[in-house]
Amino acid sequence: MDLNLRIRGGPVPLLWDGGVGTALIEQGLDLSVESPESWLLRHPDRVRAVHQEFAAAGADVIQTNTFGLLRLRLQADGAKRDARSLVEAAVALARQGAVAGVGDRPLPEVIGCLGPGASSSSVQVAQVEAYAAYLAGLFEELGVGAIHLETFYDPNELRAAIRGVRARAPRLTLLASMTVTRGNSGLETPLGTPLAYMVKVMEEEQPDIVGLNCSQNARRMRPAVEVLRRAMGGGVKILAQPQVGQQGAECKGSTRPESSEQFVQGLLGLLDAGADAVGGCCGCRGTHLAAARQAIGPAAQPMIAFPEGG
């Protein structure tokens, strides 16, 4: 196997995992007091159990519990003291959960996850690029073969994060997902940036896989997937991770819940619209993924191939 990651199509779409953060909230995590990443050290068994739940449900890909790490580093003005210990714990717990959950099925791939760092339109591009590079380097040192920049909504921050990862760890497979919903200008990010402009950034920076996640359920996400497919052409793989139902503030519970059957029907619609891989975001638990696994088909050779030891 080539040491570089490569993307290859397969007969069965790749199934991503679900919402780690919302699963931890259901177990008692209070976001007003602590971050999901703090539980890597305070409650490792609970984090491991979430990964195991997703693996047992049939997920092909397990993401580390590091979504907020870029934001935490920005808030701490770049302090590196805890970053290494958190990344090490996150990777170890994801791998342990994956192994414990699969039984005799193919082992899920563990990839690094980084969410956006900015909470407003004011983005310090140089810091984002430097911090994303540093964190990507940590994941690479631990043998993780891919980084997912997830739920980005500011085009400048997205561009900076992609460039940071590329500069420090160019051999990693790089996934970049944005979050959009319908606003005053049509499909746009929470900052009001049109989807077309976010797509332009993707076209210019060329991540290996592009995606959409969060902010809306599968039915509402479909038009954005269709736009992304037309814009990116057939040569680029697309990942779609809708939330389950209509989530409340900070994804704390669903104000309009969906059944597993409704969620799966939405995922199948996203595949019809041009997505190559699907999974879940806020509110997605093992029951939703298990239903998706049954509908999509048994796990096959993964779309992402990882180097030996990764």
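The secondary structure of the protein comprises 11 helices and 14 strands. These elements are described here from a predicted model. Of the 310 residues of the protein, 56% count as buried. The protein exposes about 12,600 Å², and carbon and sulfur atoms supply 50% of this area. Among contacts between residues at least 6 apart in sequence, 82% join residues at least 24 apart.

Strand 5 (residues 146–152) and strand 6 run parallel and are joined by five bridges. Within this pairing, Leu149 has Ala176 of strand 6 as its bridge partner. Strand 5, helix 7 (residues 155–168) and strand 6 together form a right-handed β-α-β unit. Strand 6 is in turn joined by four bridges to strand 9 (residues 209–213), and these two strands also run parallel. Here Ala176 has Val210 as its bridge partner in strand 9.

Strand 6 (residues 173–178) is largely enclosed by the rest of the structure, because six of its six residues are buried. Burial extends to both faces of the strand. Thr173, Leu175 and Ser177 are buried on one side, while Leu174, Ala176 and Met178 are buried on the other.

The pairing continues from strand 9 to strand 10, which run parallel and share five bridges. In this pair, the bridge partner of Asn213 is Gln241 of strand 10. The chain passes from strand 9 through helix 9 (residues 218–232) to strand 10 in a right-handed β-α-β crossover. Four of the five residues of strand 10 (residues 237–241) are buried, so this strand is likewise largely enclosed by the rest of the structure. Strand 10 also runs parallel to strand 13 (residues 277–278), to which two bridges join it. Ala240 has Val278 as its bridge partner in strand 13.

The largest nonpolar core contains 82 residues, of which Leu149, Leu270 and Val278 touch the most other members. Helix 5 (residues 83–102) supplies the largest share of this core, with 10 residues. A second, separate core of nine residues includes Leu14, Val61, Ile111 and Ala146. When residues up to four places away in sequence are not counted, the residues touched by Val278 are Leu14, Leu15, Trp16, Leu239, Ala240, Leu267, Leu270, Leu271 and Ile296.

The cysteines were considered last. A disulfide is a covalent bond between the sulfur atoms of two cysteines. With a cut-off of 2.5 Å between cysteine sulfur atoms, the count comes to zero disulfides. The cysteine sulfur closest to that of Cys214 belongs to Cys282 and lies 3.7 Å away, which is too far for a bond. Cys284 is in no disulfide either, as the nearest cysteine sulfur, that of Cys281, is 8.7 Å away. Both residues fall below the 20% limit for burial: Cys214 is buried because its relative accessibility is 13%, and Cys284 is buried because its relative accessibility is 0%.

Key: Residues are numbered from 1 along each chain as its sequence is written. This is a predicted model: local features need pLDDT of at least 70, side-chain atom pairs count only at pLDDT 80 or more; totals for chains, interfaces and linings use all residues. Side-chain values use heavy atoms; hydrogens and water are left out. Buried means under 20% relative accessible area, exposed over 50%, partly exposed in between (1.4 Å probe, protein chains only). Two strands pair if DSSP finds at least two bridges between them. A crossover is right-handed if, with the strands pointing away from the viewer, the path from the first strand over the helix to the second runs clockwise. Contact means heavy atoms within 4.5 Å. Accessible areas come from the Shrake-Rupley method with a 1.4 Å probe; for residues, only the protein chains shown count as cover. A nonpolar core is a set of buried Ala, Val, Leu, Ile, Met, Phe, Trp, Tyr and Cys residues joined through side-chain atoms within 4.5 Å.
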